[in-house]
2 protein chains.
Amino acid sequence: MCELLGMECNVPTDIVFSFSGLALRGGLKGPHADGWGLVLYEGKAVRSFLEPTAAANSPLATFVRKNPIKTLLAIAHVRKKTRGRVSLENTHPFVRELWGRHMVFAHNGTVRGVRKHPIGRFRPIGDTDSEYAFCALLHLLDRAFPEGYPRSQHALWEKVAELGGRIGREGTFNFLLGDGRHLYARCATKLSYIIRKAPFRQATLADDDLCVDFSQVTTPSDRVAVIATQPLTRDEVWVQGNSGEMWVFEKGKLRATLPSR
Amino acid sequence: MCELLGMECNVPTDIVFSFSGLALRGGLKGPHADGWGLVLYEGKAVRSFLEPTAAANSPLATFVRKNPIKTLLAIAHVRKKTRGRVSLENTHPFVRELWGRHMVFAHNGTVRGVRKHPIGRFRPIGDTDSEYAFCALLHLLDRAFPEGYPRSQHALWEKVAELGGRIGREGTFNFLLGDGRHLYARCATKLSYIIRKAPFRQATLADDDLCVDFSQVTTPSDRVAVIATQPLTRDEVWVQGNSGEMWVFEKGKLRATLPSR
């Protein structure tokens with residue numbers, strides 16, 4: 001199993017605090033030592049940092065923490081392999097172009113029977129079920145909206161939820177998906193979120209004594225949604241997801257909670 | 001205009017020395033301050049480092065130089081924008097999946113009339129002629145070999161050369177293309193290469209006093225091809241390309257020189 005982390009905001013925000021918590025679980029406080037990745041949007045494109053090694057003692061992960069890059073939307077992952085060998089090809093998050101924008105995907109769980117779904121033009125580069133599931137999701141989205149990024153956001157949200165349910169039916173399909181504008185978070189077994197907004201307070205990492213007083217680094221209109229496999233802080237109240245439910249975040253707000261079965 | 005750098009080898013090699021030379025041209029010794037990128041293959045997948053800022057004073061570029069990653073195939077680029085604004089979306093090299101592998105592309109020049117070429121399923125994310133040309137190249141390659149990565153390498157090489165000539169006919173289409181196995185280098189106006197092999201010697205950067213004695217960091221069977229817009233060293237003999245010619249490198253050898261008109 002793996003751990004997921006997503007962040008979606010209304011003002012460019014750095015993910016250092018949450019990523020530090022996740023990175024600790026990548027081989028130091030957790031068993032997820034088989035790779036890590038962090039993908040940050042800037043407009044419709046992303047920059048990505050990926051390594052098929054433990055985040056906890058990665059110089060690149062340390063660099064990313066010490067040189068924060070602000071973003072409106074980020075997805076991160078630490079990997080404990082279940083299927084697929086340890087390699088860069090199998091390191092989440094996966095990135096593909098669809099509708100002239102980068103789409104980003106990270107998964108926790110295993111997806112039995114995933115290879116019966118069509119993937120069309122999207123071919124996996126590695127050999128994980130996760131990347132295959134992402135290819136199937138993109139293919140089915142592309143087929144549903146062949147004209148490009150849909151004008152109706154609601155139609156897109158509902159389609160993602162429907163396809164998440166369809167592809168994940170026989171497996172454990174907790175995922176984070178980014179389209180540069182929304183963060184979609186599907187809960188199969190375990191996923192939590194928190195929205196930080198004014199009045200901002202202090203928060204302390206669950207796995208470390210690292211503590212941030214968000215009131216010192218924010219303005220009153222800031223909204224930051226953070227989604228994680230397990231709550232990353234010990235002194236905040238996180239919302240637990242229900243199985244077969246998908247959240248849609250936009251501009252730091254939970255815009256929809258949709259059935260995804 | 002921009003500067004290109006490619007490296008293709010028979011043993012994993014770090015690109016630090018050449019990239020240092022390129023990075024100097026990215027805003028310090030050269031006018032190419034509008035972005036830089038470095039993409040390194042590991043198997044069929046890549047890791048990429050991209051920034052829409054000058055390489056010369058980039059902490060990330062410094063990190064990459066101080067924490068060398070060995071690879072068999074790398075493509076780098078420093079950008080001086082001609083068309084397309086300064087943004088991450090417009091930063092080379094561009095990466096797309098084709099045939100279940102990452103394809104990587106960087107371009108120097110402008111490609112007039114590029115938008116008359118079909119791009120099929122490949123949509124540009126940014127607004128450069130370069131990315132559009134890459135999309136056209138991928139679409140036409142996909143159409144020529146719909147079954148996947150061609151068994152006949154020669155057929156693939158010749159197709160890349162032919163398409164490079166077709167897309168670049170009305171413009172200046174110096175490019176580097178990687179498919180994880182080969183490095184293709186098309187010369188329209190300016191491109192040079194060198195193959196370093198035993199007996200290895202010392203080399204000094206053209207733009208700096210940085211000097212490496214390659215005999216200290218290599219074994220006798222190593223072969224490293226380096227391709228650049230302009231020779232990066234002042235004490236080695238580089239081969240200059242001819243207009244409308246494409247080189248194919250594999251395992252540190254020049255495997256073919258093909259017409260590309």
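Predicted model: local features only at pLDDT ≥ 70, side-chain atom pairs only at ≥ 80, totals over all residues.
Modeller: Two strands count as paired if DSSP finds at least two bridges between them.

Biologist: How many bridges join strand S9 to strand S12 of chain B?

Modeller: There are 6 bridges between strand S9 (residues 192–197) and strand S12 (residues 223–228) of chain B, so the pair passes the rule of at least two. The two strands run antiparallel.

Biologist: Which residue stands opposite Tyr193(B) in S12(B)?

Modeller: Opposite Tyr193(B) is Ile227(B). Helix H1 (residues 16–25) of chain B packs on the sheet and touches strand S1 (3–13), strand S2 (36–42), strand S4 (71–78), S9 and S12 of chain B. The direction of H1 makes about 170° with that of S1(B).

Biologist: In what order do the strands of the open sheet in chain B come?

Modeller: The order is S3-S2-S4-S1-S12-S9-S13, which gives 7 strands with antiparallel pairing. At the edges are strand S3 (45–51) and strand S13 (239–240) of chain B, each of which pairs on one side only.

Biologist: Now the charged side chains. How many salt bridges does the structure hold?

Modeller: Side chains of opposite charge can pair when their charged atoms come close. Over all chains the structure holds 32 salt bridges. One of them joins Asp127(A) and Arg85(A), at 3.8 Å from N to O. Those residues belong to distant parts of the chain, 42 residues apart. Asp127(A) is in the loop between strand S6 (101–108) and helix H3 (129–144) of chain A, while Arg85(A) is in the loop between strand S4 (71–78) and strand S5 (94–98) of that chain.

Biologist: Is Asp127(A) buried or partly exposed?

Modeller: Asp127(A) is partly exposed because its relative accessible area is 38%, and Arg85(A) counts as partly exposed at 46%.

Biologist: With which residue does Arg85(B) form a salt bridge?

Modeller: Its partner is Glu89(B), with the closest N and O atoms 3.1 Å apart. Arg85(B) is partly exposed at 46% relative accessibility, whereas Glu89(B) has 10% and therefore counts as buried, the limit being under 20%.

Biologist: Which salt bridge does Arg121(B) make?

Modeller: Arg121(B) meets Asp142(B) at 3.2 Å, N to O. Arg121(B) lies in the loop between strand S6 (101–108) and helix H3 (129–144) of chain B and Asp142(B) lies in helix H3, so the bridge ties together parts 21 residues apart in sequence. Both Arg121(B) and Asp142(B) are buried. In chain A, salt bridges that share partners join Glu3(A), Arg25(A) and Asp207(A) into one network.

Biologist: That leaves the interface. What area is buried between chain A and chain B?

Modeller: The size of an interface is often given as the accessible area lost when the parts come together. Between chain A and chain B that area is about 2,500 Å², with 57% from carbon and sulfur atoms. Leu88(A), Arg123(A) and Ile125(A) supply 24% of what chain A buries against chain B, more than any other three residues. The contact takes 31 residues from each of chain A and chain B.

Biologist: How many salt bridges are counted between chain A and chain B?

Modeller: The count is 2. One of the salt bridges in the structure joins Arg96(B) to Glu97(A), with the closest N and O atoms 3.6 Å apart. Across the interface, 8 residue pairs are in polar contact. Strand S3(A) gives the most to the side of chain A that touches chain B, with 7 residues.

Conventions:
Residues numbered from 1 in each chain as written. Chains lettered and ligands numbered in written order. Heavy atoms only, no water. Salt bridge = Lys/Arg side-chain N within 4 Å of Asp/Glu carboxyl O. Helix = DSSP H or I, 4+ residues; strand = E, 2+ residues; numbered from the N terminus. Buried < 20%, exposed > 50% of the residue type's maximum accessible area, 1.4 Å probe, protein only. Contact = heavy atoms within 4.5 Å. Axes fitted to C-alpha atoms, helices over the stretch in contact; angles between N-to-C directions. Buried area = accessible area lost by both parts, 1.4 Å probe. Polar contact = N/O pair within 3.5 Å; in protein donor to acceptor, adjacent residues only side chain to side chain.
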